[in-house]
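Let's walk through this structure together, starting with charged side chains and moving on to rings, loops and backbone. Keep the viewer open as you read.

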Amino acid sequence: MNITDIAKRNHDELFPNDVSKLAVTDPELIEIFDNWAFDDVLAEHGPEIRTRLMLQLAAIIACQAVNEYRTMLGAALNVGVTPIEVKEIVYQALPYLGMARLFDFLGATNEVLLSRGIALPLEGQSTTTEETRFDKGLAAQKQIFGAQIDAMYEKSPKDQIHIQTFLSANCFGDYYTRNGLDLKTRELLTFAMLAALGGCEPQLAGHIAGNLAVGNDRQVLIGTVTQLLPFIGYPRSLNALRLINEATQDHER
């Protein structure tokens with residue numbers, strides 16, 4: 001089997017003048033993978049290249065693959081993903097993964113940006129204050145999830161209400177309200193991360209509904225899963241597709 005011309009062209013767009021070490025040690029595997037990931041998969045419907053790379057970065061962070069992240073971060077910057085967008089992807093991951101999982105990716109991001117002559121810190125993107133973060137976060141939650149946010153507060157045990165407050169003020173108030181990425185993109189990034197994480201089906205189902213509410217329709221979600229498949233594998237991808245099918249069937253009734 002040879003690597004197709006289409007796969008070579010798509011690969012070279014992301015990694016110009018790059019020679020894979022695995023192409024030397026594992027040529028058969030690279031032929032199979034490159035023809036699939038850079039030809040077959042890219043022939044299917046999916047987001048445009050910048051968005052595709054952003055979603056893949058989010059999923060790779062959730063997979064805890066820091067070496068692959070470094071490689072794909074370089075590709076993302078090569079096709080025009082901006083340093084601010086990169087930082088916002090990493091920051092968006094924090095409330096879903098926690099600092100313990102994110103710390104190495106912050107370091108890797110800073111190293112790659114500095115190696116390209118990009119001065120740090122970047123321009124701040126926060127839009128809230130300590131006084132406004134809860135109200136703005138709650139508003140963002142309701143914009144995405146509607147009346148069920150009030151129901152979550154009403155149903156929460158009294159000794160856990162602080163977690164709901166944290167979700168509003170921190171997860172949504174501190175992160176979703178930031179500049180640098182719009183709301184639709186942030187919600188799609190969250191979907192990509194949760195799909196890659198696995199084992200959090202209720203949250204993934206909730207954010208599928210959230211994506212539909214902000215305008216990321218069934219085809220956008222299927223296209224996203226298709227482009228994540230080479231990085232997160234079949235079981236997690238098929239699980240995400242099952243939940244998309246269930247959500248869109250309910251949505252269309």
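The side chains of Arg-178 and Glu-88 form a salt bridge, with N and O 2.8 Å apart; the term stands for a side-chain nitrogen of Lys or Arg within 4 Å of a carboxyl oxygen of Asp or Glu. This pair joins distant parts of the chain, 90 residues apart: Arg-178 sits in the loop between α10 and α11 (183-197), and Glu-88 in helix α6 (residues 83-97). Helices here are DSSP runs (H or I, at least four residues), as strands are (E, at least two), numbered from the N terminus.

Before going further, a word on the model: it is predicted, so local features need pLDDT of at least 70 and side-chain atom pairs count only at pLDDT 80 or more, while totals for chains, interfaces and linings use all residues. Residues are numbered from 1 along each chain as its sequence is written, and side-chain values use heavy atoms, leaving out hydrogens and water.

How exposed or buried is Glu-88? Its relative accessible area is 1%, so Glu-88 is buried; buried means under 20% relative accessible area, exposed over 50%, and partly exposed in between (1.4 Å probe, protein chains only). Arg-178 is buried as well, because its relative accessibility is 13%. Glu-88 has another salt-bridge partner in Arg-186, with the closest N and O atoms 2.8 Å apart.

The whole structure holds eight salt bridges. One of them joins Arg-242 and Glu-246 at 3.2 Å, N to O. Both residues lie in helix α14, four residues apart, or about one turn of the helix. Arg-242 is partly exposed at 39%, and Glu-246 is partly exposed at 38%. Through shared partners, salt bridges join Glu-88, Arg-178 and Arg-186 into one network.

Now to the rings. A search of the whole structure finds six aromatic pairs. Rings of Phe, Tyr and Trp (its six-membered ring) pair if their centres lie within 6.5 Å; planes under 30 degrees apart count as stacked, over 60 as edge-to-face and the rest as tilted. Trp-36 and Tyr-234 are stacked, because their ring centres are 5.9 Å apart and their planes meet at 25 degrees. Trp-36 belongs to helix α3 (residues 27-40) and Tyr-234 to helix α14 (residues 234-252), so this pair spans 198 residues of chain. Trp-36 is partly exposed at 23%, and Tyr-234 is partly exposed at 48%. Phe-172 and Tyr-176 are also stacked, with centres 4.4 Å apart and planes at 25 degrees. They are four residues apart in helix α10, so about one helical turn separates them. Phe-172 is buried at 4%, and Tyr-176 is buried at 4%. Ring pairs link Phe-33, Trp-36, Phe-38 and Tyr-234 into a cluster.

The backbone deserves a look too. Which peptide bond is cis, with omega near 0 degrees? The bond from Leu-120 to Pro-121 is, and Pro-121 lies in the loop between α7 (99-115) and α8 (133-145). Asn-17, not a glycine, has a positive phi of about 60 degrees; Asn-17 is in the loop between α1 (5-14) and α2 (22-25) and is exposed at 83%.
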